[in-house]
Amino acid sequence: MKKLIVILVLLLVAAGAAIWYLKFAGVTHEDIYDAVTAESAKVQSVVDDRYQKLDRKLDRIESKLDKLLEIANRPLPDGMQRAE
């Protein structure tokens, strides 16, 4: 009988150790979630920064094109007509 109790106690200790290992060892769901959230925030900030730079560049190009169109559509001096 004493042997049975010792075996049961050892089984309970082993089960407790297994549960503790599964709960606290390795990577937890919270760790994965925190890592994914942090990395996605970094990626989003890089994408936003590149978008802002590209948007400024496109604005400069657009303003240059507007100036070119303005030069191309200047009114003709008096008495002149456009060539057809």
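1. A patch here takes residues with over 30% relative accessible area and no salt bridge, joining like charges within 9 Å and nonpolar side chains (Val, Leu, Ile, Met, Phe, Trp, Tyr) within 5 Å. Lys and Arg count as positive and Asp and Glu as negative, with His and the chain ends left out. Lys-67 sits in helix H2, residues 29–72, and is exposed at 55% relative accessible area. (Buried is under 20%, exposed over 50%, and partly exposed in between, using a 1.4 Å probe and protein chains only.)

2. A quick word on what you're looking at: this is a predicted model, where local features need pLDDT of at least 70 and side-chain atom pairs pLDDT 80 or more, while totals for chains, interfaces and linings use all residues. Residues are numbered from 1 along each chain as its sequence is written, and side-chain values use heavy atoms, without hydrogens or water.

3. There's a negative surface patch too, formed by Asp-59, Glu-62, Asp-66 and Glu-70. Asp-59 belongs to helix H2 and is partly exposed, at 43% relative accessibility.

4. Now the overall build: the protein chain has two helices and zero strands. Its radius of gyration is 36 Å, well over the 12 Å that the globule rule gives for 84 residues, so the chain is more spread out than a compact globule. (That radius is taken over C-alpha atoms, and the rule is 2.2 Å times the number of residues to the power 0.38. Helices are DSSP runs of H or I with at least four residues, strands runs of E with at least two.) Along the principal axes, the C-alpha atoms fill a box of roughly 125 × 20 × 10 Å. Of the 84 residues, 0% count as buried.

5. Look at the other helix as well. Met-1, Leu-4, Ile-5, Ile-7, Leu-8, Val-9, Leu-11 and Val-13 form a nonpolar surface patch with about 820 Å² of accessible area together. One of them, Ile-5, lies in helix H1, residues 2–24, and is partly exposed at 49%.

6. Finally, the structure holds two salt bridges, each a side-chain nitrogen of Lys or Arg within 4 Å of a carboxyl oxygen of Asp or Glu. Lys-42 pairs with Glu-39, their closest N and O atoms 3.5 Å apart; these residues are three apart in helix H2, so about one helical turn separates them. Asp-49 pairs with Lys-53 at 3.6 Å, four residues along helix H2.

Key:
Accessible areas come from the Shrake-Rupley method with a 1.4 Å probe; for residues, only the protein chains shown count as cover. The place of a charge is taken as NZ of Lys, CZ of Arg, CG of Asp or CD of Glu.
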